[in-house]
Amino acid sequence: MTRVNVTHELRRSIYWDFEIVCTEALRRSPFGWPAPHPFSPSSIPSVSPADMPNTPIVILESRFHHIKALLARLRLDSSARLVVLVDKDGQQIAVHGELGDLDTTSLASLAAGNVAATGGMAKLIGENEFPTLSHEGEKESIHICVIGRVLLLVVFDDRSSLGLVKLRSKQLSQELARVFVEIEQESAVARANSSLPFNGITDEEIDSLFSPA
């Protein structure tokens with residue numbers, strides 16, 4: 001059996017998918033892992049917006065499906081080809097639309113680098129960051145909306161217009177911002193409970209998944 005080399009990016013993807021898929025299942029797992037305490041507003045530690053981009057988050061399965069539904073609605077309302085949600089580190093969170101042969105992993109990474117570079121220019125002129133970026137091409141265009149720690153990417157063609165995409169993205173960004181504030185709060189509770197068994201997973205254990213039996 002040929003060994004599969006696990007790249008850093010693939011490891012990050014595995015961790016991310018593992019967290020999304022497993023977190024809901026852990027609540028009812030028969031394997032003896034302790035279940036998180038019931039979620040309630042009184043159990044939510046305060047979360048500073050300045051800390052959000054630097055703290056790890058766990059997206060519950062129900063939250064992930066909600067995010068996917070929001071992306072699907074944006075794509076429909078804006079007549080876009082593709083909608084992608086990524087974090088500022090360039091990690092893809094969710095995608096919806098016409099993928100074709102587009103490498104969304106590379107797109108996510110390049111978009112994050114683009115936002116970081118323009119953020120440097122923004123600081124030079126006294127701004128914290130530019131909340132939106134747009135790149136218009138002859139056939140395809142991209143609009144990027146910065147929402148806290150995440151980036152909303154909309155890829156569109158002549159079936160839509162930049163004005164429509166900007167309008168619909170701005171409307172949806174407010175709802176996405178609320179969702180991620182709640183995700184941050186839930187993640188803070190999970191970290192405080194220290195009840196997630198995959199926190200200690202090592203690169204060697206990930207490698208073993210791809211090793212010959």
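Student: How far apart are the end C-alpha atoms of H3, residues 104-124?
Tutor: This is a predicted model. In it, the end C-alpha atoms of H3 are 30 Å apart. That agrees with the 30 Å that 21 residues should span at 1.5 Å a residue.

Student: Which residues of H3 are buried?
Tutor: Thr 104, Leu 107, Ala 108, Ala 111, Ala 112, Val 115, Thr 118, Gly 119 and Ala 122. Down the axis of H3, the buried residues fall within an arc of 140°, so they line one face of the helix.

Student: What do they pack against?
Tutor: Strands E1, E2, E3, E4 and E5.

Student: And which residues are exposed on the other side of H3?
Tutor: Leu 110, Ala 116 and Leu 124.

Student: Switching to Cys 145. Buried or exposed?
Tutor: Cys 145 is buried, because its relative accessible area is 6% and the cut-off for buried is under 20%. Cys 145 sits in strand E4, residues 141-147.

Student: What does Cys 145 touch, leaving out residues up to four places away in sequence?
Tutor: Pro 131, Thr 132, Val 150, Leu 151, Leu 152 and Ser 173.

Student: Last topic. At what angle do H2 and H4 pack?
Tutor: About 175°, with the axes 9 Å apart. That makes H2 roughly antiparallel to H4.

Student: How do the residues of that contact divide into nonpolar, polar and charged?
Tutor: 10 nonpolar, 3 polar and 7 charged. On the H2 side, they include Arg 63, Ile 67 and Asp 77. On the H4 side, Leu 172, Phe 180 and Glu 186 are among them.

Notes:
Residues are numbered from 1 along each chain as its sequence is written. This is a predicted model: local features need pLDDT of at least 70, side-chain atom pairs count only at pLDDT 80 or more; totals for chains, interfaces and linings use all residues. Side-chain values use heavy atoms; hydrogens and water are left out. Axes are lines fitted to C-alpha atoms, for helices over the stretch in contact, and angles run from 0 to 180 degrees between N-to-C directions. Helices (H or I, at least four residues) and strands (E, at least two) are DSSP runs, numbered from the N terminus. Angles under 35 degrees count as roughly parallel, over 145 as roughly antiparallel, 65 to 115 as roughly perpendicular and the rest as oblique. Contact means heavy atoms within 4.5 Å. Ala, Val, Leu, Ile, Met, Phe, Trp, Tyr, Cys and Pro count as nonpolar, Asp, Glu, Lys and Arg as charged, and the others, Gly among them, as polar. Buried means under 20% relative accessible area, exposed over 50%, partly exposed in between (1.4 Å probe, protein chains only). The expected span of a helix is 1.5 Å times one less than its number of residues. The arc is that of the directions from the helix axis to the C-beta atoms.
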